[in-house]
Amino acid sequence: MLWINLVTECLPAMALAADPPQANCMRRPPVRPEKMIFSNNAKKEIIRKGIMAGITTFGVYAGGMDAGWPQAKARTMAFSHLVMSRVCNIFDSRRAGWDASGPGTGNRYILPAAGVSTAMLLLTMYVPVLRPLYSKGPGHID
């Protein structure tokens with residue numbers, strides 16, 4: 001169960017960490033030691049994305065329960081939403097300028113990380129042995 005969490009949550013972040021440096025990184029002056037790693041705008045963006053992911057994931061769960069879905073199905077949909085929002089965040093972070101080389105260039109680990117995370121999500125939903133580990137039902141909508 002822990003390895004599924006590691007793959008779906010950590011692999012996308014590790015892939016982003018493997019981004020190659022920007023072309024002009026050695027021409028910039030050094031960063032002052034007292035300067036923060038993230039700018040105030042970056043901090044606000046990270047917090048905003050986290051809050052939005054939490055609210056929308058809860059909304060998927062609550063909406064499913066309100067629509068009469070069984071609890072296992074509502075959990076499955078909420079978990080699926082959370083994992084896929086993390087996968088989409090990989091591409092959004094690159095688009096937002098955190099990587100100046102642009103989306104789809106420079107980092108060969110991004111697409112495999114997104115693919116493995118998506119495959120692990122599908123495995124937890126559709127492989128009968130793994131479903132009880134997360135108390136999930138099949139992901140299809142009846």
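**Overall architecture and confidence**

The protein chain has 142 residues, of which 27% count as buried. Its secondary structure consists of 5 helices and 0 strands, and the order of elements from the N terminus is α-α-α-α-α. Residues 24 or more positions apart make up 66% of the contacts that have a separation of 6 or more. The protein chain exposes about 9,300 Å², and 68% of this area is supplied by carbon and sulfur atoms.

The mean pLDDT of the protein chain is 75, and 69% of the residues score at least 70. Among the elements, helix 1 (residues 2-17) has the lowest mean pLDDT, 56, whereas helix 2 has the highest, 91. Over residues 98-104 the pLDDT stays under 50. For this segment the model has 13 contacts beyond four places in sequence. Where pLDDT is low, the predicted coordinates should not be read in detail.

**Helix 2: span and buried residues**

Helix 2 covers residues 40-66. At 1.5 Å a residue, its 27 residues should span 39 Å, and the end C-alpha atoms are 38 Å apart, which agrees with that expectation. The buried residues of helix 2 are A42, K49, A53, T57 and G64. Helix 2 is followed by G68, which has a positive phi near 95 degrees.

**The salt bridge in helix 2**

The model contains 1 salt bridge. This pair joins R48 to E45, with the closest N and O atoms 2.6 Å apart. The two residues are 3 residues apart in helix 2, so about one helical turn separates them. An α-helix has 3.6 residues a turn, so residues three or four places apart point the same way. Both partners are partly exposed: R48 has a relative accessible area of 43%, and E45 has 28%.

A nonpolar surface patch of about 390 Å² is formed by I47, I51, M52 and I55. One of these residues, I51, is found in helix 2.

R86 belongs to helix 3 (residues 71-98). Its relative accessibility of 30% places R86 in the partly exposed class. Along the chain, R86 and G50 are 36 residues apart, while their C-alpha atoms are separated by 9.8 Å.

| Residue | Relative accessibility |
|---|---|
| R48 | 43% |
| E45 | 28% |
| R86 | 30% |

**Summary**

The predicted chain is built from 5 helices, and among its elements helix 2 has the highest mean pLDDT. Residues 98-104, by contrast, have pLDDT under 50.

Terms used:
Residues numbered from 1 in each chain as written. Predicted model: local features only at pLDDT ≥ 70, side-chain atom pairs only at ≥ 80, totals over all residues. Heavy atoms only, no water. Salt bridge = Lys/Arg side-chain N within 4 Å of Asp/Glu carboxyl O. Helix = DSSP H or I, 4+ residues; strand = E, 2+ residues; numbered from the N terminus. Buried < 20%, exposed > 50% of the residue type's maximum accessible area, 1.4 Å probe, protein only. Patch = residues over 30% accessible without salt bridge, like charges linked within 9 Å, V, L, I, M, F, W, Y side chains within 5 Å. Areas by Shrake-Rupley, 256 points an atom, 1.4 Å probe, with all protein chains shown as cover. pLDDT = per-residue confidence, 0-100. Contact = heavy atoms within 4.5 Å. Expected span 1.5 Å × (residues − 1).
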